[in-house]
Amino acid sequence: MKLIKNMGLSTIYQLIGVIVPLITAPYVSRVLGSSGVGINAFTASVLSYFTLFAGLGIQTYGNREIAYHQNDIKARTKLFWELQILQVLASLIAILAFFIFLFFQNDNRFYYLLQAISLLTVIANISWFFMGLENFQIIVFRNILINITVVIFTFILVKNSEDLWIYIAMTTGASLLANLSVWPFLKRELTKVKFKELNIHQHFVPALTLLLPQIATTAYMNINKTMLGWLDTNDSVGYFTQADVLVRTAFTAVSSFAGAFLPRLSNLFSQGKVKEGKKLILQSLQLMYGMSFLAISGIIGVSSNFAVFFFGEKFRSVGLLLVVESGVILLFGIAVVLRSQYLMAVRRMREITIASVAALGVNILFNLPLIPLFGALGATITVVFTEAMVTLYLVWAVRKDFLYRDLFHGIWKYILAGAITTSVVWIINNNMNMSVIAYIVQAISGTLVYVLAVYLFQAPIVQLVKNAFYSRRKK
């Protein structure tokens, strides 16, 4: 039951980061325009490289290591202070590097400075500690309150394109405030340790090992926006960003439970419970399949006019980008289970690093010709192709640990259910006027059709849900 509760809280935590921009997106898109949205996305993508180094891979490494020692208060206290000091030192170096970078910039200097608040956010980020303890409640509810405040003040303070700086300051400042708000709760989770007991340098190499794939992954996720800003226009960055926001919101909804699985898996494998851990991985894949095809079918079904309704007429081209990019929801999902859950839990960093570095290399290689030729569509095609290559590699990497028939058990049932749902939603979408009510009707109808189809085909997720329900009733 604790795992199911944490899955729900992890889902909420992950969704907060994408739902807040999504709620304000229709308003912000119309007020700031494609150029303003593009400037925000471009400058944020550049800052992400500095924040990545500042984090030094500690978000993932710390989560995993605290999970291994969650029952030993002295050990986890030492770990916390060792990793936090290491993170502060890395952040100070990143801040220095940022100001050197800023010295050579002529455009967007002010916006870069506002985005740099995110470097302070990294220093204050201790969510990895509470996640490692499987205590998601503390960080979730404070983030909700702070982000609701951001939504309210966005509508109050951001009135035209000149207010772009206010929007950036609020979004970066909110993350800093959210991270600072959980520090008071550390007291009851830690004990006293002497500074001379700390061994900071022992974590540098392991954290750095995790940093390399994270550099590649983060760079890969942001390089499209950065390269669009360099090779095309701010408008193209804006179009790509809005499509990416919707797809990644759907993906986050699909995969956000993964954050609750890593501490549990790490704990299982550390105790030698390999069989139980692998069973959990296969169940995670089934959850991923079940939700991925629902999300994909919904996006494709409404894509013909939803972008115009949601973002405004200037963003009409986003509709095609949504159709092309929607497939990565499934590819992202499989990759998260195999890489971020299984390979991370069993500490197989070599495969994770290869997958991440290869993704970045393929992405850059294909973006160079495709962005000048097709603009935002070229970047979108590159994302799909890259994710397909990465997923194929990860499936190959675990070939000795899992049978392919187990990894893809019953997937055809989800595909068929998704195809039926897409057709139904598409028909309804093209026979209703654009309105909030219409899209609610389409969402409910699509979900009901999909759930019914999955049940009739007796997809594996049906049995998982039944087992969870009966298990809960017994308690």
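Buried here means under 20% relative accessible area and exposed means over 50%, with partly exposed in between. All the views come from a predicted model.

**View 1. Arginine 348 sits in a network of salt bridges with Glu351 and Asp401.** At 22% relative accessible area, arginine 348 comes out as partly exposed. Its salt bridge to aspartate 401 has the closest N and O atoms 2.7 Å apart. That pair links distant parts of the chain, 53 residues apart: arginine 348 is in the loop between α14 and α15, and aspartate 401 is in the loop between α16 and α17. Aspartate 401 is also partly exposed, again at 22%. For the arginine 348 bridge to glutamate 351, the closest N and O atoms are 3.0 Å apart. Glutamate 351, at 15% relative accessibility, counts as buried.

**View 2. A buried pair, arginine 76 and glutamate 189, makes a salt bridge.** Here the closest N and O atoms are 3.3 Å apart. Arginine 76 belongs to helix α3 and glutamate 189 to the loop between α8 and α9, so the bridge ties together parts 113 residues apart in sequence.

View 3. With 0% relative accessibility, threonine 77 is buried. Leaving out residues up to four places away in sequence, threonine 77 touches Glu189, Leu190, Thr191 and Val193.

**View 4. The largest pocket holds about 870 Å³ of space.** Its lining takes in 28 residues, with Gly298, Ile299, Val302, Phe306 and Ala443 closest to the centre. Helix α12 gives the most, ten residues. By class, the lining has 21 nonpolar residues, seven polar ones and no charged ones.

Definitions and conventions. Residues numbered from 1 in each chain as written. Predicted model: local features only at pLDDT ≥ 70, side-chain atom pairs only at ≥ 80, totals over all residues. Heavy atoms only, no water. Buried < 20%, exposed > 50% of the residue type's maximum accessible area, 1.4 Å probe, protein only. Contact = heavy atoms within 4.5 Å. 1 Å grid on protein atoms, 1.4 Å probe; cavity = no way out; pocket = protein on both sides within 12 Å on 5 of 7 lines; lining within 4 Å. Points joined across faces, edges and corners; volume = space filled by probe spheres on them. Helix = DSSP H or I, 4+ residues; strand = E, 2+ residues; numbered from the N terminus. Nonpolar A, V, L, I, M, F, W, Y, C, P; charged D, E, K, R; others polar. Salt bridge = Lys/Arg side-chain N within 4 Å of Asp/Glu carboxyl O.
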